[in-house]
Amino acid sequence: MSLKFGTSGLRGLSVDLKGQASAVYATAFARHLLTSGQAKMGDPILIGRDFRDSSPDVSATCIAALKKAGLTPLDCGTVPTPALALYGLSLKAGALMITGSHIPADRNGIKFYRPDGEIDKQDETAIAALAAEIEEEGMDAETATAEDHSAITAELFYERNVALLPEQALSGLRIGVYQHSTVARDLFVDVLAHYGAEVVPLGRSETFIPVDTEAVSPETLALLKKWSPEHGLDAVVSADGDGDRPLLADENGVPLRGDLIGLITANFLDAGVVVTPVTSNSGIEANGTFEVIRTRVGSPFVIAGMAGALAEGKNGVMGFEANGGLLTASAFTLNGRPLLPLPTRDSFLPVLAVLLLSAERKKPLSQIAAAYNLPVAAADRLENFAQEKSAALMAHLRASRGNLEDFLAQVGTVKATSDIDGLRVALTDGSTIHFRPSGNAPEMRCYVEAANQDEAEALLNKGLELIRNFAQG
């Protein structure tokens, strides 16, 4: 099978996932839970999905396979991934989320959850090995339905989010919700309205639109910048396809970077430890009283970092990614109420934390963002970039210091490098450029930091040009 585990879950072309492949991996996951003692025969297991055309078929195949493996599937419908994870934690049940998150519509995937939360890299290895065995044995793909738990799943997540802030905390704000095809679209409207915001639904689509919150497309940017003045908005809120990564734009339609959203939320929670990937802004360490632990890109690595901090007896442990997805490993107290840990990416808590700060300070989001005075960061990707080309580029840059210096001669002089994930290069002028192959799709990503927006955009464009030139030969 051409499917593989990426930075968060199993990913591949939809045509490869539908049918036997989804049955094989669902069975492998069930066997893993049963043989490891994390589940027993007859236990419930949850199934959720996004709005991709292929997701209902994959879900139905997984339900049949899980039943055949001896578990009891519960159909949670089209709900945000954090809602599914929360329900799973409450039942101490495993879960599968059928989603490709932000990747193109012709692709899809499965995210797996143990009864205690998101699987780790060791689980991935075990599941992949079992899948190989099952595929060799041979398996027919069947479809089935399961008991509908979609309303229960959504209600539990809604109740969590309407307990985070004081009553009417967002009164006076006019907020657009870019609904596109995210499974978070209706819950965002309901939660924001609960807090007194005037909500304007925008851009609802019955066709799946892949929205990447870390590398926002020109088409999405154009919509945000059109809607904000047109509707007199204080902010525009959205999320990726499965609702675990936030998109939050200011009153001008300019998106706030996900790592800034995470930083604001860390201060909102009064966190003691922040775990975040190396791609998050380098100014985070200077903008809080918390300890910062850097990891590779991907929620499994952030979760492992949080688990390590908890094992050392540290308190107030949370994490976030540069895409804005926020995770909590410790219990926190908000609005006089306990907030139980949700150690998987969530888009709702960070959005609410930032909007509350704007409402309390009575300042527009653009001023809130500027006050942090972070290095200006930018990121983009080259889509449909063969993984062999990405591997060849990374091998070339790592082969020698001379190769790296020659490659970057047009943008600056190399000062230092870090290869926690991809290759991050600090230049002598204080800027940085980071090359990283995507773990989810055939894409090459480039991240930069510079002194101002113009320099950041110029460095990013040059970095993408260098990648293209290398690939062309």
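In this predicted model, strand 9 (residues 174-180) runs parallel to strand 10, and six bridges join the two. Within this pairing, arginine 174 has glutamate 198 of strand 10 standing opposite. Strands of a sheet pair through backbone hydrogen bonds, in either a parallel or an antiparallel sense.

The two strands belong to an open sheet of four, arranged in the order 10-9-11-12 with mixed pairing. Strand 10 (198-204) and strand 12 (246-249) form the edges, each of them pairing on one side only. From one strand to the next, the twist averages 20°.

Over the whole structure, a search finds 31 salt bridges. One of them joins the side chains of arginine 245 and aspartate 212, with an N to O distance of 2.9 Å. Arginine 245 is placed in the loop between strand 11 (235-239) and strand 12, while aspartate 212 is placed in the loop between strand 10 and helix 8 (218-231); the pair therefore ties together parts that are 33 residues apart in sequence. Arginine 245 has a relative accessible area of 3% and is buried. Aspartate 212 is likewise buried, at 4%.

Arginine 257, by contrast, has a relative accessibility of 22% and counts as partly exposed, because the buried class is limited to values under 20%.

Another pair consists of arginine 424 and glutamate 449, whose side chains meet in a salt bridge of 3.7 Å, N to O. Arginine 424 counts as buried at 18% relative accessibility, a value that lies under the 20% limit. Glutamate 449 also counts as buried, with a relative accessibility of 7%.

Notes
Residues are numbered from 1 along each chain as its sequence is written. This is a predicted model: local features need pLDDT of at least 70, side-chain atom pairs count only at pLDDT 80 or more; totals for chains, interfaces and linings use all residues. Side-chain values use heavy atoms; hydrogens and water are left out. Two strands pair if DSSP finds at least two bridges between them. Axes are lines fitted to C-alpha atoms, for helices over the stretch in contact, and angles run from 0 to 180 degrees between N-to-C directions. A salt bridge is a side-chain nitrogen of Lys or Arg within 4 Å of a carboxyl oxygen of Asp or Glu. Buried means under 20% relative accessible area, exposed over 50%, partly exposed in between (1.4 Å probe, protein chains only).
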